[in-house]
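I opened this notebook to record what I looked up around an annotated site. The sequence and structure come first.

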Amino acid sequence: MAAPGENMRVDADRLWDSLMQMAEIGPGIAGGNNRQTLTDADAEGRSLFATWCRDAGMTMGVDAMGTMFATRPGTDPDALPVYVGSHLDTQPTGGKYDGVLGVLAGLEVVRTMNDLGLKTKHPVVITNWANEEGARFAPAMLASGVFAGVHTLDYAYSRKDPDGKTYGDELKRIGWLGEEEMGARKMHAYFEYHIEQGPILEAENKAIGVVTHCQGLWWLEFTLTGREAHTGSTPMALRVNAGLAMSRIVEMVQTVAMGEQPGAVGGVGQVFFSPNSRNVLPGKVVFTVDIRTPDQAKLDRMRATIEAEAARICEDLGVGYAVEAVGHFDPITFDPTLVSTVRTAAEKLGLSHMDIISGAGHDACWAAKVAPATMIMCPCVGGLSHNEAEEISKDWASAGCDVLFHAVVETAEIVE
């Protein structure tokens, strides 16, 4: 089996130009992007990606969740494909690289293979997973979760955005409802390239993150029910204050996470007050607690403690309490062989690298349930992500894409 030569590199300018062209679709208000899933902007981004894939000689398949699969054929019709994927959807105030880098780097891998006239035994499939972010339709990584059998298709179609629109209806509306059966595709291997979304690689001056594990996660959505009352005329002792209960739970989550150090995080990122008036105590508060750790025992312990303590806090204040798990995956250990392939590629290319644990969830977490999988990461400035100020350099982007190219081609097996 031949291996790609050390002098083989992707076209850094072409990769960067693709990233900048995609960023023109669904612009944000501060230099980033608002290309949320199943919006008109998402449909436009999908169409541009499909055009690029067609121009690169690939054929496109779309499954029932709207995930796109662009295939470059291999020489062996019976060989399972090597998949490369991430996502094109963004947060409401997202950056230009989160997810997008992984999809367009996969496209650049195929373009480079075409430039070099490389043939591989295994097909190579570039994947744009639908609704990775979960910003509009919770939970995150929804389409890859259905693909892996974690969620049912009916469950996914019934997810609603804040305006009450369902995933199934919006998928039909934008014209990207595919006919492929969910999970029918089989994978030889899965690679995902992503910005780190954290500060470690930049701080350690490393070009490549060799991702060995991904943190486990729980999203716990709390609904607290109090009594709407005037903030000025209601005596303190007579209040049933759902907002106060929420604030005590937020502080408690901080305490629980700090008590599980090192290697655990917890916080609240989304809150809805009702009626959300400055002089009315909230009758209802809905918020989501996000806890993560690569340690399964810690993850289980944190969830149990937080739910028990939240119930106690609400009982003490006379506030109604309900909790629902709206997102979850256990800690992931990525395939050791593929991890080694990534590490070897970085070493062969003379790129500085280090092993790293992903702090964020990715589609690779669900892909790892059905196939050998791993991830590659590049630094991002200040570790900033899910923010319009998210930034990387062209050199960082291309270095990781070079590693991705070598790892993918090695795994797909060059045919002389």
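I am working with a predicted model, in which local features need pLDDT of at least 70 and side-chain atom pairs count only at pLDDT 80 or more, while totals for chains, interfaces and linings use all residues. Residues are numbered from 1 along each chain as its sequence is written, and side-chain values use heavy atoms, with hydrogens and water left out.

I looked up the record first: an unreviewed UniProt entry places the feature "binding site" at His87, Asp98 and His194. These residues are spread over 108 residues of sequence, yet they cluster in space, with a largest C-alpha distance of 9.8 Å. I keep in mind that such annotations may be inferred rather than shown by experiment.

I then turned to His87, which I found in the loop between strand 3 (82–86) and helix 3 (100–116); helices (H or I, at least four residues) and strands (E, at least two) are DSSP runs, numbered from the N terminus. His87 counts as buried because its relative accessibility is 0%, where buried means under 20% relative accessible area (1.4 Å probe, protein chains only). Beyond its neighbours within four places in sequence, His87 is in contact (heavy atoms within 4.5 Å) with residues including Asp98, Trp129, His194 and Asp363.

For His194, I noted a place in strand 5 (residues 189–195) and a relative accessibility of 1%, so His194 is buried as well. Leaving aside neighbours within four places, the contacts of His194 include His87, Asp98, His362 and Cys378.

Notes:
Buried < 20%, exposed > 50% of the residue type's maximum accessible area, 1.4 Å probe, protein only.
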